[in-house]
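Hello,

Here is the structure I promised to pass on. Please have a look at it first, and then read my notes below.

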2 protein chains.
Amino acid sequence: MAPPQTAAALIIGNEILSGKIAEGNLRVLAKTLGSIGVRLERVVMVLDDRTSIAHEVRSLSKSYDVVFTSGGVGPTHDDVTIASVAEAFGVAVEQSPEIEEMLRMYYGSDLTEGHLFMARIPQGAELVTTDEMPWHTIVMKNVWILPGVPQIFQMKMPVVRTLLAGGVAFQSLAIYTTLDEGHLKPLLDRVVAEHPDVDLGSYPKWREPRYRTKVTFDARDLSLVERARDALVAILPADALVRIDEE
Amino acid sequence: MAPPQTAAALIIGNEILSGKIAEGNLRVLAKTLGSIGVRLERVVMVLDDRTSIAHEVRSLSKSYDVVFTSGGVGPTHDDVTIASVAEAFGVAVEQSPEIEEMLRMYYGSDLTEGHLFMARIPQGAELVTTDEMPWHTIVMKNVWILPGVPQIFQMKMPVVRTLLAGGVAFQSLAIYTTLDEGHLKPLLDRVVAEHPDVDLGSYPKWREPRYRTKVTFDARDLSLVERARDALVAILPADALVRIDEE
């Protein structure tokens with residue numbers, strides 16, 4: 001199977017949308033995907049609502065090569081991701097004997113009926129593991145169902161990297177200049193026009209004494225990235241260039 | 001006009017989706033909205049792509065009382081929010097004499113053609129200000145166009161609070177327990193069933209020595225929130241309650 005090119009993420013949880021806690025998984029996921037050449041193109045955040053989640057999963061799953069959900073996989077009433085993904089694909093929820101066995105081993109005599117709710121999976125889901133991550137990750141078609149707790153989410157990243165690798169990683173370089181965007185604009189416009197295959201980003205920095213704007217250059221081909229970067233450096237006033245950086 | 005009840009946010013920028021920078025405005029917006037009784041129900045993040053942004057703005061503007069965009073309002077090639085919002089509403093982009101005057105005053109003799117790009121607005125947009133925030137905020141129908149730079153985004157929050165206030169703020173209380181979710185589940189299920197107007201959230205904490213799970217109680221009516229909280233406290237084993245907190 002060809003490695004995925006595009007991805008979307010669905011972040012689930014009232015606590016994120018109410019501002020109670022800061023979202024902590026998106027950046028980790030974005031960097032992991034970038035390192036294996038998968039472009040994260042869309043993120044949606046929704047409440048713990050089964051209908052919204054099912055609708056989003058269905059729609060994202062059709063439009064992107066791979067989809068990651070974050071959150072809503074515990075055993076309590078507000079954990080509705082498994083049921084929603086099952087609904088999205090029109091399948092039932094079933095109990096996974098493999099996960100149940102792991103839970104029984106882990107909790108031993110402390111195990112409750114509540115814990116066993118964490119063994120639910122959408123019917124037909126795959127359970128993926130690697131040597132470093134023996135706990136199962138649930139993947140339904142092209143939808144990876146990941147936990148919201150940042151420490152556990154992060155532990156899943158090597159699994160994602162191992163199983164979806166094969167693409168060409170994105171290359172990113174940056175320069176920092178004392179020019180503000182108003183002065184930089186005509187120079188940037190020239191480089192953008194002459195280097196259509198490189199994605200240029202311009203980011204003003206607020207109250208930073210050393211520079212005014214960071215300019216980034218991104219593409220899958222490092223030589224193209226370097227060429228665009230060098231083109232801007234060549235037309236910048238010499239005293240306006242503060243630093244040249246690799247990302 | 002009745003105060004808005006529901007909101008959505010559209011976060012714009014390649015730098016967020018590539019993981020280059022961490023998203024920094026969502027939580028600030030969520031808390032501001034919560035304090036004036038507006039529920040943030042959906043967040044979408046997209047690349048600097050005019051078609052995607054226009055499509056999202058059109059769709060969110062129809063489904064939510066108020067929409068906030070973040071990012072893409074500078075003068076460079078990757079700042080396409082103004083043009084996209086105009087496209088969403090089928091209007092042209094025009095130059096605002098009011099913003100142009102502010103820019104001329106601010107930049108003085110340093111002003112370039114590039115700076116004047118920041119005076120573009122969708123035709124028919126309102127420019128809102130308060131005494132504390134004399135720089136204009138651009139509002140097109142129910143869509144507030146906010147800057148992505150976190151420090152400036154934050155400065156806009158008092159404007160949002162002042163102009164959209166009037167709703168009943170959300171009330172939130174929390175307790176912390178040594179029970180894990182597997183043991184907590186049957187107790188939570190009882191409280192959820194008996195307090196349907198209160199939104200209960202259950203959040204396991206990873207590697208926290210003092211407690212295992214935080215439970216939150218949310219509604220617009222504080223007495224309902226307190227009643228649900230007290231109901232859970234009453235059925236928790238006495239030694240399982242670590243702390244009772246206001247948010």
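**What I found**

In helix H4 of chain A, the buried residues are A:Thr81, A:Ile82, A:Ser84, A:Val85, A:Ala86, A:Glu87 and A:Ala88. A residue is called buried if 20 or more other C-beta atoms lie within 10 Å of its own, exposed if 12 or fewer do, and partly exposed in between, with C-beta atoms placed from the backbone. Seven of the eight residues of H4(A), which spans residues 81-88, are thus buried, so this helix is largely enclosed by the rest of the structure. After H4(A) comes A:Gly90, with a positive phi near 65°.

Before going further, some ground rules. This is a predicted model, in which local features need pLDDT of at least 70 and side-chain atom pairs count only at pLDDT 80 or more, while totals for chains, interfaces and linings use all residues. Residues are numbered from 1 along each chain as its sequence is written, and chains are lettered from A and ligands numbered from 1 in the order in which they are written. Helices (H or I, at least four residues) and strands (E, at least two) are DSSP runs, numbered from the N terminus.

**Chain A as a whole**

Chain A has nine helices and 12 strands. Of its 247 residues, 47% count as buried, and its C-alpha atoms fill a box of roughly 70 × 40 × 30 Å along the principal axes. Chain A is divided into domain 1 (6-164) and domain 2 (171-246), with bounds that come from an automatic or database domain assignment. The centres of these two domains, taken over C-alpha atoms, are separated by 37 Å.

Two residues are in contact if their C-beta atoms, placed from the backbone, lie within 7 Å. Among contacts in chain A between residues at least 6 apart in sequence, 71% join residues at least 24 apart.

**A sheet across both chains**

Which strands make up the open sheet, and in what order? Its 12 strands run E6(A)-E7(A)-E8(A)-E3(A)-E1(A)-E2(A)-E2(B)-E1(B)-E3(B)-E8(B)-E7(B)-E6(B), with mixed pairing. Two strands pair if DSSP finds at least two bridges between them. At the edges are strand E6 (126-130) of chain A and strand E6 (126-128) of chain B, each pairing on one side only. Neighbouring strands are turned by 25° against each other on average, direction ignored.

Helix H3 (residues 50-63) of chain A packs on the sheet, where it touches strands E1 (6-12), E2, E3 (66-70) and E8 of chain A. The direction of H3(A) makes about 175° with that of E1(A); axes are lines fitted to C-alpha atoms, for helices over the stretch in contact, and angles run from 0 to 180 degrees between N-to-C directions.

Between the chains, E2(A) (residues 39-46) and E2(B) run antiparallel and are joined by five bridges. A:Met45 stands opposite B:Val43 there.

Further out in chain B, three bridges join E6(B) to E7(B) in the antiparallel sense, and B:Leu127 stands opposite B:Ile138. Strand E7 (residues 137-140) of chain B is covered on both faces: B:Thr137 and B:Val139 on one side and B:Ile138 and B:Met140 on the other are all buried. E7(B) and E8(B) form a hairpin with two residues between them, and B:Lys141 in the turn has a positive phi of about 55°.

**How the copies meet**

In the interface, 52 residues of chain B are in contact with 51 residues of chain A. On the chain B side, H8(B) gives the most, with nine residues. The residues of that side divide into 22 nonpolar, 16 polar and 14 charged; here Ala, Val, Leu, Ile, Met, Phe, Trp, Tyr, Cys and Pro count as nonpolar, Asp, Glu, Lys and Arg as charged, and the others, Gly among them, as polar.

Chain B can be laid on chain A with an RMSD of 0.0 Å by a turn of 180° and a shift of 0.0 Å along the axis, superposing by least squares on the C-alpha atoms of residues with pLDDT of at least 70 in both. The two copies are thus related as by a two-fold rotation axis. In chain B, the C-alpha nearest that axis belongs to B:Val44, 2.3 Å away. Since 98% of the interface residues of chain B are also interface residues in chain A, the copies meet through the same surface.

Best wishes
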